[in-house]
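Let's take a tour of a protein chain together. Keep the sequence and the 3D view open, and find each spot as we get to it.

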Amino acid sequence: MHGASWVPATIVLVVSVRVVIADDNLLVREGLEHVLAGQGAIDVVASCEDLPSLLEAVESTQPDVVLTDIRMPPSRSNEGIQAATALRDSHPTVGVVVLSQYAEPTYALSLLEGGSDGRGYLLKERLHDGAQLRSAVVTVAEGGSVIDPKVVELLVSATAQSVDSPLAELTQREREVLGEIAQGKSNAAIGDSLVLTKRSVEKHINSIFLKLDLADAESVSKRVKAALLFLAEEAEAHPMR
């Protein structure tokens, strides 16, 4: 048509967060699907009842996030942690939110040993708050971390509850190093990221542990607990919506 101009329509693409749910209780799985369905940006692509079917579903559906119970078949011990550990190697971009009815410090420590990026640990009592659960899923999908406040409190109880944050004693460089530790980086990777020598990284880390009163803890535990303190303060500054 002469005299008329054609204006192409604007197409807005909404990318959904693809989620695989895993729990041996059918009612819990259905409940989780119902809660997540309240947010159009989340799409449940598979629902599983045990660890083997969960890993198969991840392989076949390529989700963004796995939302899993911590205990389910075959052993009903720590399958959620096992899944998170396995996926860190096989599917590093897949986030994992572990749900537990117990504030088990050991489980949370195990979950974060490989780094806090894309990992979440929530108590099942949070499930009644759909907005909080959906926020956790989205945060983990974006590579962030979500740790239940009650779990953090148990893990770093005396230190975390002090009036003055122990992180306030850290220098700016030590906070930067701690931020790298919270991402699960090795000393060598921290040195590369911050342009520091191996000796400088070790010096900063030892100073961090001393200031956070973690000098006597086991090596892995020290790194994870220090990371949790960092995440706890981040969570206070940017609480889950």
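Predicted model: local features only at pLDDT ≥ 70, side-chain atom pairs only at ≥ 80, totals over all residues.

The protein chain has 11 helices and six strands, and 43% of its 241 residues are buried.

**The chain as a whole**

- Take the contacts in the protein chain with a separation of 6 or more: residues 24 or more positions apart account for 67% of them.
- Here's an example of sequence and space side by side: Leu26 and Cys48 are 22 residues apart along the chain, and their C-alpha atoms are 9.1 Å apart.
- Another pair to click on is Gln132 and Leu122, 10 residues apart in sequence, with 10.0 Å between their C-alpha atoms.

**Helix H1 and its two sides**

- Helix H1 covers residues 26-36, and its buried residues are Arg29, Leu32, Val35 and Leu36.
- Looking down the axis of H1, you'd see those buried residues within an arc of 125 degrees, so they line one face of the helix.
- What covers the buried residues of H1? The cover includes strands S1 (17-22), S2 (42-48), S3 (65-69) and S4 (95-100), along with H5.
- Leu26 also belongs to H1, and its relative accessibility of 47% is why it counts as partly exposed.
- At the N-terminal end, H1 is capped by Asn25, which has a side-chain oxygen 2.8 Å from the backbone nitrogen of Leu27.

- Helix H5 spans residues 130-141, and Gln132 is found in it.
- Is Gln132 buried or exposed? Its relative accessibility is 16%, so Gln132 counts as buried, since the cut-off for buried is under 20%.

- Helix H8 runs over residues 172-182, and Glu174 sits in it.
- With a relative accessibility of 5%, Glu174 counts as buried.
- Other buried residues of H8 include Val177, Leu178 and Gly179.
- Which side chains does the side chain of Glu174 meet in polar contacts? One is that of Ser207, at 2.6 Å, and another is that of Lys211, at 2.9 Å.
- Leaving out residues up to four places away in sequence, Glu174 touches Glu169, His204, Ser207, Ile208 and Lys211.
- After H8 comes Gly184, which has a positive phi near 80 degrees.

- H8 and H10 pack at an angle of about 90 degrees, and their axes are 10 Å apart.
- That angle makes H8 roughly perpendicular to H10.
- On the H8 side, the contact is made by Arg173, Glu174, Val177, Leu178 and Ile181; on the H10 side, by His204, Ile205, Ser207, Ile208 and Lys211.
- Sort the residues of that H8–H10 contact by class and you get five nonpolar, two polar and three charged.
- Helix H9 (residues 187-194) packs with helix H10 (residues 198-211) too, at an angle of about 110 degrees and with axes 9 Å apart.
- H9 and H10 are therefore roughly perpendicular to each other.
- In this contact, H9 brings Asn187, Ile190 and Gly191, while H10 brings Val201, Glu202 and Ile205.
- By class, the contact of H9 with H10 has three nonpolar, two polar and one charged residues.

- Some background first: most residues other than glycine have a negative phi, and most peptide bonds are trans.
- Arg76 has a positive phi near 55 degrees, and it isn't a glycine.
- Gln62 isn't a glycine either, and its phi is positive at about 50 degrees.
- You'll find Gln62 in the loop between helix H2 (51-61) and S3, and its relative accessible area of 44% makes it partly exposed.
- Which peptide bond is cis? The one from Pro73 to Pro74 is, with omega near 15 degrees.
- Pro74 lies in the loop between S3 and helix H3 (79-90).

Conventions
Residues numbered from 1 in each chain as written. Heavy atoms only, no water. Axes fitted to C-alpha atoms, helices over the stretch in contact; angles between N-to-C directions. Helix = DSSP H or I, 4+ residues; strand = E, 2+ residues; numbered from the N terminus. Parallel < 35°, antiparallel > 145°, perpendicular 65-115°, else oblique. Contact = heavy atoms within 4.5 Å. Nonpolar A, V, L, I, M, F, W, Y, C, P; charged D, E, K, R; others polar. Buried < 20%, exposed > 50% of the residue type's maximum accessible area, 1.4 Å probe, protein only. Arc of directions from axis to C-beta. Polar contact = N/O pair within 3.5 Å; in protein donor to acceptor, adjacent residues only side chain to side chain.
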